[in-house]
Amino acid sequence: MDKAQILIASNRGPVSFSTADDGSLEQRRGGGGLVSGMISVATEIDSLWVCAALSDADRRAAEEAPGARLDRAHDLGGMRVHMLDIPERTFQGAYTGVANSTLWFVQHMLYDIPNKPSFGSEFRRQWDDYTAYNNAFAEALVTGAADGARVAVQDYHLALVPRILRTRRPDLRIAHFSHTPWAPPEYFRMLPGHVARELLEGMLGADRIGFLSPRWADAFLRCCAEILRAEVDFARRTVEYGGRLVGVGVHALGADEEGLRASAAEPAVAARRETLREAVGDTRLIVRVDRTELSKNIVRGLEAYRELLTSHPEWRGRVTHLAFAYPSRGDVPEYREYTDAVMRTAKEINEEFATPEWTPLVLEVNDDYPRSLASFQMADVLLVNPTRDGMNLVAKEGPVLSERDAVLVLSREAGAADELGRHALLVNPYDTLETAEALHRALSMPGDERRKRREGLAEAAVALPPRRWFQDQLRSLD
C-alpha cells in the first residue's frame, strides 16, 4: 500500500456521497473555506485524508472502494481519501453521545448546571465508543503513514488520536488543532476525572497543539497545570509531561477571500439579492447568518432586536432584520427545543410590531448558501453575538463581501473579537439592552466611520486564509 508523507484526520472528510435516482453514487466536494484550503494543500503534496462515513451513501462508497480508499474508485482530483465505515452504534456513541452532546457542551460552557450533566453508566458506554472511534482513526493513520510523516489531527472528535499514534509510531510528527473554544479548568473538571485526564493526555501525544485564540490556548494550559499537574510555561506556551515537551500555538483562521468572491459572483447570488430586496424594500438591513446552535445565541439576538424597536421606535418601518439559520444537530433534544424557541420568538416580534406595509423580521431556517452571500453584500449591520465561539467565520466573511460598509456588532466572547474587536462594536452577548444600543449606534453611524471600520475588518479578516493557516501548522512540525 502506498504511504503518505502528510496525513489529515477529521470526522468530516473532503467529499461526501448521495444516491442518485438511478441508484448510482454521486459525490460532492466539501464546502467552506477551511475544507477548500486544506484540499488545495492536500492535492499538491503526497497526502492521505482519513475521515468517517457520515451517511448510508458514504458507507456504501467506503464499502465499494478497495481498502475503503475512495480515490481508487472515484476521481477525487488528485486527493487520496480513506473513509472509515465505523459501526453505526459505535459512531453514534462517539459522535452524538460524547463529541456533540458532551465535549461540545463543555467547551462552549452550555450546560444547564442544576440539571445537567449526569455521567452514569450510559456515558461510560459512550466513552468506550469514543475510544474505539479514535482507535479506528489511529489504525488507519498508522497504516497509511510513511516513515517520519507529519499528521494533522483535527478537532475534539479525535482528541485521543495523538497519544495512540505516539505510542505506536514514535517516528511521526503530530499536530492536533481545536476549532472550538477551550473551557477553563473550573468547568472542564466537571467531566469524570479519568475522561478529563485522557482527553488532555491524548492531545499531549502531539508535538504541537493549536487553537484559534490565545484565550483558548491559555485555558488549555491551565487545564494541563491544574488537572494533570504538568509543568507549564505560560509565557512560552509549552507543556512538559511524560518526559516530553509539547508546544501550544495560536493560528487564527481567516476568511478565504478568493473563494468567497468567486462564490458571490455566481448568478444564484444575484437572484437571491433581487428576491431579498423585493421582500424588504428600501429598509435598512440587520443581518445574521448562523446555525441553529445553542452557542450562537440567536434568541438573545432576536430579543435585542425587539429591544431596539421598543426603545428606538424611530426605526419601526425603516429597518428589517434578516435572520438566516442553518438547521443543526436535530438528533440532540436541546437543539430541537432551541430551534423551536428561535421560531417562537421571531413570531412574537412580528406579531407585536408588524404593519400591513412592513414585516420587521424575516427568519428562514434552512440551508441556502447563495442567500447568505447575498445578505452579506446587502447588510447595513452584521450581528454576530455568540455566547462562546472558537472563531466565527461569519464575522470575517461578512465584511469581505459587504457592499454597504456594514457595521459589525460582535460578541466579545467570539474568538474573532481578538482580531476584529477594534473595528467592531463589541457587546456582552448576555446583555440584550446593550446589544440593542449597539444596533442603534451601528444604524446611526456616519458613512466615513462605517467605511473605515469596514476596511479595517476586511483587512484583518483575510490575514491568515485557510490555505496558509494549514500550511503554518504543517511547518510548525518541521
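The following legends describe close-up views of a predicted model.

**Figure 1. Overall dimensions of the protein chain.** The protein chain contains 18 helices and 17 strands. Its C-alpha trace spans about 65 × 55 × 45 Å along the principal axes. The radius of gyration is 23 Å, which agrees with the value near 23 Å that a compact globule of 478 residues would have. Of the 478 residues, 59% count as buried. Among contacts with a separation of 6 or more, 77% are made by residues 24 or more positions apart. The accessible surface comes to about 19300 Å², and carbon and sulfur atoms account for 48% of that area.

**Figure 2. The largest nonpolar core and the surroundings of L199.** The largest nonpolar core comprises 172 residues. Those with the most contacts inside this core are F137, W182, F188, L199 and F220. Beyond its neighbours within four places in sequence, L199 contacts L103, W127, Y130, A159, L160, F188 and L191. In soluble globular proteins, nonpolar side chains tend to be buried together.

**Figure 3. Helix α5 and the elements that cover it.** Helix α5 consists of residues 161-168, and its buried residues are V161, P162, I164, L165 and R166. The cover over these buried residues includes the helices α4 (121-144) and α7 (193-203). Strands β6 (145-154), β7 (173-177) and β11 (244-250) are also among the covering elements.

**Figure 4. Salt bridge between R59 and D85.** The closest N and O atoms of R59 and D85 are 3.8 Å apart. This pair links distant parts of the chain, with R59 in helix α2 (residues 56-64) and D85 in the loop between β5 (81-84) and α3 (88-107). The two residues are 26 residues apart. R59 is buried, with a relative accessible area of 14%, whereas D85 is partly exposed at 41%.

**Figure 5. Salt bridge between D380 and R284.** The side chains of D380 and R284 meet at an N to O distance of 3.5 Å. D380 lies in the loop between α13 (369-378) and β15 (381-384), and R284 belongs to strand β12 (residues 284-291). The pair links distant parts of the chain, its members being 96 residues apart. D380 counts as buried at 3% relative accessibility, while R284 is partly exposed at 22%.

Figure 6. R412 and E413 form a salt bridge through their side chains, with an N to O distance of 3.4 Å. Both partners are partly exposed, R412 with a relative accessible area of 41% and E413 with one of 22%. A further view shows D2, D46, R69, D71, R72 and R80, which are linked in a network of salt bridges. The whole structure contains 42 salt bridges.

Figure 7. The structure holds 0 disulfides. C223 is in no disulfide, and the nearest cysteine sulfur, that of C224, is 7.0 Å away. C223 is buried, with a relative accessible area of 0%. C51 is likewise buried, with a relative accessible area of 0%.

**Figure 8. A416 and N392.** A416 is found in the loop between β16 (407-411) and α15 (417-420). The residue A416 is buried, with a relative accessible area of 0%. Not counting residues up to four places away in sequence, A416 touches M391, N392, A395, K396, L410 and G421. Of these contacts, N392 lies in the loop between β15 and α14 (394-401). N392 has a positive phi of about 90 degrees although it is not a glycine, and N392 is buried with a relative accessible area of 6%. A416 and A149 are 267 residues apart in sequence, and their C-alpha atoms are 32 Å apart in space.

**Figure 9. Backbone geometry at P117 and A68.** A cis peptide bond joins K116 and P117, with omega at about 5 degrees. P117 is placed in the loop between α3 and α4. A68, which is not a glycine, has a positive phi of about 60 degrees. This alanine, A68, lies in the loop between α2 and β5 and counts as buried at 16% relative accessibility. Most residues other than glycine have a negative phi, and most peptide bonds are trans.

How values were computed: Residues are numbered from 1 along each chain as its sequence is written. This is a predicted model: local features need pLDDT of at least 70, side-chain atom pairs count only at pLDDT 80 or more; totals for chains, interfaces and linings use all residues. Side-chain values use heavy atoms; hydrogens and water are left out. A salt bridge is a side-chain nitrogen of Lys or Arg within 4 Å of a carboxyl oxygen of Asp or Glu. Helices (H or I, at least four residues) and strands (E, at least two) are DSSP runs, numbered from the N terminus. Buried means under 20% relative accessible area, exposed over 50%, partly exposed in between (1.4 Å probe, protein chains only). A disulfide is a pair of cysteine sulfur atoms within 2.5 Å. The radius of gyration is taken over C-alpha atoms; the globule rule is 2.2 Å times the number of residues to the power 0.38. Contact means heavy atoms within 4.5 Å. Accessible areas come from the Shrake-Rupley method with a 1.4 Å probe; for residues, only the protein chains shown count as cover. A nonpolar core is a set of buried Ala, Val, Leu, Ile, Met, Phe, Trp, Tyr and Cys residues joined through side-chain atoms within 4.5 Å.
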